[in-house]
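The tour goes from stop to stop, with something to select at each.

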Amino acid sequence: GEELDQMWQDLEDIPRTTDQVAYLRQKSNFCYFDCHLVADLIDCFEDRNLRAEIFVIAYSRTVDYHGLPNVFNYELLPFERGLVTHRIGLTNLFDETVAPGYYDLDLSVTEQRWISQELLHLALIEPGDNQVDVQYEGVGFDIPASWVQEVPRNGSLQIFYCRNKRVIDRVLENGVFGGLKNPRWNGVHGVSLFAPEWQSKFVAPGTNQLVDTKWVGIAKLRNVKQKMKDKFKDADACFDQLDKDGG
């Protein structure tokens, strides 16, 4: 509306990017965001610290907060995610209502080990093929039953966590898949439709949740692309590094 248009105009009139971020922080004291706006704001900045700062500013002021994991994972680059994690903490960023996605976890870090335990718990109660292409220490891996009792305190674990439509529908209806319905859950509060464009053909209708496992292959390519974008300023710099002999 008019207030949003005025905000964009105000940002254009502020010459320094650091002052633009300060303006947004002040604005957040009495305004709310949605995930689409947060993503658009992040895209306005090139400085990694400022992009991370935008997410931090919006974190507790975003009405459709179940879309924030998508903003965190797909709008921010790995270095920027590290900055946000240091400020907010992974346990606060993890959202089991919208659990489907890719997880790269260092089991020597307490909060990352906790997330792995949460994913294992969900996998036990949610039917279907929900732990896909699991790797432990870079090698394909079947998680043993003993991990349910205690996850190792070292090593790296990568998981693509998946849900089928039945599970997604139940979670949106009850707040959780197993157990009694959360009495405070109305199926609307905090729910978001925000998803990156590449996910549009993989999400369950009326949600932003990835359904089944077909998205995993493309997600792998996106992970590689993000890591390259995080390390190199542009495609030419990347290929120059790959092709050191100049041939």
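How much space lies in the second largest pocket? About 310 Å³. This is a predicted model, where local features need pLDDT of at least 70 and side-chain atom pairs count only at pLDDT 80 or more, while totals for chains, interfaces and linings use all residues. Residues are numbered from 1 along each chain as its sequence is written, and side-chain values use heavy atoms, with hydrogens and water left out.

A pocket here is an open set of points on a 1 Å grid over the protein atoms alone, where a 1.4 Å probe fits, with protein on both sides within 12 Å along at least five of seven lines; lining residues have an atom within 4 Å of a point. Grid points are joined across faces, edges and corners, and the volume is the space filled by probe spheres set on the points.

**Stop 1: the second largest pocket**

Select Y74, E75, R222, Q226 and K229, which lie nearest the centre of this pocket among its 14 lining residues. Next, select helix α10 (residues 216-231), which gives the most to this lining, with five residues. Helices (H or I, at least four residues) and strands (E, at least two) are DSSP runs, numbered from the N terminus.

**Stop 2**

Select β1 (101-106) and β3 (139-140), then β2 (131-136) and β4 (156-161). These four strands form an open sheet in the order β1-β4-β2-β3, with antiparallel pairing. β1 and β3 stand at the edges with a single partner strand each, so one side of each is left without a neighbour in the sheet. Two strands count as paired if DSSP finds at least two bridges between them.

Six bridges link β1 to β4, and G101 is opposite Y161. Between β2 and β4 there are four bridges. Now select Y136: L157 in β4 stands opposite Y136, and V139 is its bridge partner in β3. In the hairpin of β2 and β3, E137 has a positive phi near 55°.

**Stop 3: the helix across the sheet**

Select α8 (residues 110-125), which lies across β1, β2 and β4 at about 135° to β1. Such angles run from 0 to 180 degrees between N-to-C directions, with axes fitted to C-alpha atoms, for helices over the stretch in contact; contact means heavy atoms within 4.5 Å.

**Stop 4: the largest pocket**

What is the volume of the largest pocket? About 780 Å³. Select F72, N73, R81, Y102 and D104, the closest to its centre of the 32 lining residues.
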